[in-house]
Amino acid sequence: MIRRTRRLRRSTALRDSLAETRLHAEALIQPHFIVEGHGLEAQIDAMPGISRTSVDRLVERVRKDLDLGLSNVLLFGLPQHKDGQGSAATTNDGLVPRAVRALRDAFAERLTIITDVCLCAYTDHGHCGVLHEGHVVNDDTLPILSAMAAAHARAGADIVAPSDMMDGRVAHMRGVLDQSGFKETAILSYSTKFASGFYGPFREAADCAPKSGDRRSYQMDPRNGREAVLESLIDEEEGADMLMVKPALAYLDVIAALRARTLLPIAAYNVSGEYSMVKAAAQRGWIDEARVVREVLWGLTRAGADLLITYHGREALGKGWLA
Ligand code: PBG
């Protein structure tokens, strides 16, 4: 007897009934790059369709996105002032806190606001922590990151997302948030973040490339799959509410392995370079963008991700690619 698996693939209706993986707008998280000023919306060359916006334009953008069903945002601040300690990161009237307040005022609880917590866009040297003799000093960085998270929580962020890869930052941040009266603010840890070439376009967008050296003393070695799971499990123990694997496409094995070891929600970050590759090939007519975007997001979901941080979200929903 031939096993005829094709029987269940005969019609679209049958295939749709049996699809194991489904995409929905609620799982998508749309990143935003925020700059000082008013009325600003500047396209990012390496990321077609994505721009840096001032707070007023951000609010208008998010209003349209909510109409599409995009209800999760991840905010990155691109401050004008940079110094050795990243001091613009911790002020209560800083760029991100102002953006959070504006979004909260405009959309109340319809919008889930997630903020990136990291110093690299705030330091003049471009590293994710403070430097001493050229080295990123772990424990001196923790209070600054926690103060940054508290400033975001105070402004009304639902979720803070540390992306720095310092050891112990989730526990430290949880402690500071609790002591400051923000017991309800959740932590989405960038728990497994690799030192990756796929961040190239983001570093242009956020102007956060390190001026000297690289991030390999704190971000993970792409060759290590076991350590990748360990990194995330440590953050779970420290009190993270959700975990993340970043980048996504070259690390589907890590998402799947982590899925088998944790009961927490997992986010996959479909990063800038992954987005730009799809965009560039689509612009040349080499691939069918709608199909490829669907496959990418299906792949991340199939691997075990609950939440998908992706720059494709707005266009995919707007053009009905996920339907
Ligand atoms: C900051 C940060 C980076 C990204 C998110 N948060 C850059 C980096 O670590 O160099 C990358 C996001 C993307 O490429 O889309 N630490």
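Predicted model: local features only at pLDDT ≥ 70, side-chain atom pairs only at ≥ 80, totals over all residues.

Reader: Got it. Is Cys-128 buried or exposed, then?

Author: Cys-128 has a relative accessibility of 1%, so this cysteine counts as buried.

Reader: And which cysteine has the closest sulfur to the one in Cys-128?

Author: That is Cys-118, with its sulfur 3.5 Å away. A disulfide needs the two sulfur atoms within 2.5 Å, so the distance between Cys-128 and Cys-118 is too far for a bond.

Reader: What about Cys-120, how far is its sulfur from the closest cysteine sulfur?

Author: The gap is 3.8 Å, and the partner is Cys-208; again that is too far for a bond. Cys-120 is buried as well, at 10% relative accessibility.

Reader: Okay, let's switch to charges. How many salt bridges does a search of the whole structure find?

Author: The search finds 17. As background, side chains of opposite charge can pair when their charged atoms come close.

Reader: Nice. Can you pick one? What does Asp-65 pair with?

Author: Asp-65 pairs with Arg-314, and their closest N and O atoms are 2.8 Å apart. This bridge links distant parts of the chain, since Asp-65 sits in helix H2 (residues 55-68) and Arg-314 in helix H11 (residues 313-318), 249 residues apart.

Reader: Are those two buried or exposed?

Author: Asp-65 and Arg-314 are both buried.

Reader: Which residue forms a salt bridge with Asp-158?

Author: Arg-104 does, with the closest N and O atoms 2.6 Å apart. Asp-158 lies in the loop between helix H4 (138-155) and strand S8 (159-162), while Arg-104 belongs to helix H3 (residues 95-107), so this pair ties together parts 54 residues apart in sequence. Asp-158 is partly exposed, at 28% relative accessible area, whereas Arg-104 counts as buried at 18%.

Reader: Changing topic: how do helices H8 and H10 pack?

Author: H8 (residues 252-259) and H10 (residues 289-303) pack at an angle of about 30°, and their axes are 8 Å apart. Angles under 35 degrees count as roughly parallel, and therefore H8 and H10 are roughly parallel to each other.

Reader: Which residues meet there?

Author: From H8, Leu-252, Ile-255, Ala-256 and Arg-259 meet Gly-299, Leu-300 and Ala-303 of H10. The residues of this contact divide into five nonpolar, one polar and one charged.

Reader: And Arg-302, buried or exposed?

Author: Arg-302, which is in helix H10, is exposed, with a relative accessible area of 60%.

Reader: What about His-125, where is that?

Author: His-125 is in the loop between strand S5 (112-117) and strand S6 (131-132). At 12% relative accessibility, His-125 counts as buried. Leaving aside residues up to four places away in sequence, His-125 touches Gly-84, Val-130, Leu-131, Ala-209, Pro-210, Lys-211 and Ser-212.

Reader: Last one: what can you tell me about the backbone?

Author: The peptide bond from Lys-246 to Pro-247 is cis, with omega near -10°. Pro-247 is in the loop between strand S11 (243-246) and H8. Ala-108 is not a glycine, yet its phi is positive, near 45°; Ala-108 sits in the loop between H3 and S5 and is partly exposed, at 42%. Asp-207 also has a positive phi, of about 45°, although it is not a glycine. Look for Asp-207 in the loop between helix H6 (200-206) and helix H7 (226-238).

Conventions. Residues numbered from 1 in each chain as written. Heavy atoms only, no water. Axes fitted to C-alpha atoms, helices over the stretch in contact; angles between N-to-C directions. Helix = DSSP H or I, 4+ residues; strand = E, 2+ residues; numbered from the N terminus. Parallel < 35°, antiparallel > 145°, perpendicular 65-115°, else oblique. Contact = heavy atoms within 4.5 Å. Nonpolar A, V, L, I, M, F, W, Y, C, P; charged D, E, K, R; others polar. Salt bridge = Lys/Arg side-chain N within 4 Å of Asp/Glu carboxyl O. Buried < 20%, exposed > 50% of the residue type's maximum accessible area, 1.4 Å probe, protein only.
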